[in-house]
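Please look at the sequence and the structure shown below, and then follow the report from one residue out to the whole chain.

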Amino acid sequence: MSEKHQIFRHDFKFSAERNATLTGHKPIVIWMSGLSGAGKSTIADLLDQQLFGAGIHTCILDGDNTRAGLCSDLGFDLASRSENIRRVAEVAKILTHCGLVVIVSLISPLREDREKAKYIIGASLFREIFIKASLETCIQRDVKGLYNQAMKGEISAFTGISSPYEPPESADIVINTDVKSAEECAADLFQWIIKNIT
C-alpha cells in the first residue's frame, strides 16, 4: 500500500456556512494577481484595515510572507511557482471554512495555476482580482531594485522580464493602479467586496 493510500479525509461537522453565522458575512477568497510592484500588498493592507473597520473577519496571505515560512523551500522556476500557488490555495480554502474573507496577494503569473487555485478553493468562493499596472510603472515603483537586477541578469526567472505574466482574461474586477492611488483602489475593492459578502 502506498503512503497516499494511508490518508483518509475526515468529514468534520463544521462548515463555512455555519461559521458565517458567527462572522455575520459570507466567506470569500479575494485572489489578487499582478506584476511585482503593481500594488498588491499595499492594497491588501489597506483593504484589510477597511474590512476590519467594518467588522469583517479577514486574513491576508501575502506572497513574500508565505515564502518566508510556508513556502520557504521553493524557488522561482515555474514548477515552484505552481506549487507555491497550490499551497496558498489550500490554506485559503481552510480559512474560508473558518468563515473568513481571505485576501491573497500573489503574482501568480500563469492562468493555469490561477485556475487550479480556483478549483481547490471552489468557484463559488474564489474571486480573481487583476491588479493592473504597466511594466514601466512597476519598474518606477521598484524600491527594492529587483527589476534593475533582473534586467542585468542578476535575478533569473523574474516575472515580466525573464518569466511570463499572463493577465486574467475574465477577472471579476480589474483594479488599475496606473490611474488611481492605492487608497482609491482599496476603497473601490472594499465597496465591491461588501456587496458580495453581506
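The side chain of Ser80 makes a polar contact with the side chain of Asp77, at 2.7 Å; a polar contact is a pair of N or O atoms within 3.5 Å, where, within protein, one must be able to donate a hydrogen and the other to accept it, and residues adjacent in sequence count only if both atoms are side-chain atoms. This is a predicted model, in which local features need pLDDT of at least 70 and side-chain atom pairs count only at pLDDT 80 or more, while totals for chains, interfaces and linings use all residues. Residues are numbered from 1 along each chain as its sequence is written, and side-chain values use heavy atoms, with hydrogens and water left out.

Ser80 lies in helix 4, which covers residues 78-97; helices are DSSP runs of H or I with at least four residues, strands are runs of E with at least two, and both are numbered from the N terminus. Because its relative accessibility is 13%, Ser80 counts as buried, a term that means under 20% relative accessible area with a 1.4 Å probe, protein chains only. Leaving aside residues up to four places away in sequence, Ser80 touches Arg67, Leu74 and Gly75, where contact means heavy atoms within 4.5 Å.

The table turns to the chain.

| Property of the chain | Value |
|---|---|
| Helices and strands | eight helices, five strands |
| Residues that count as buried | 43% of 198 residues |
| Box filled by the C-alpha atoms, along the principal axes | roughly 55 × 50 × 30 Å |

Among contacts between residues at least 6 apart in sequence, 77% join residues at least 24 apart.

Notes:
Buried means under 20% relative accessible area, exposed over 50%, partly exposed in between (1.4 Å probe, protein chains only).
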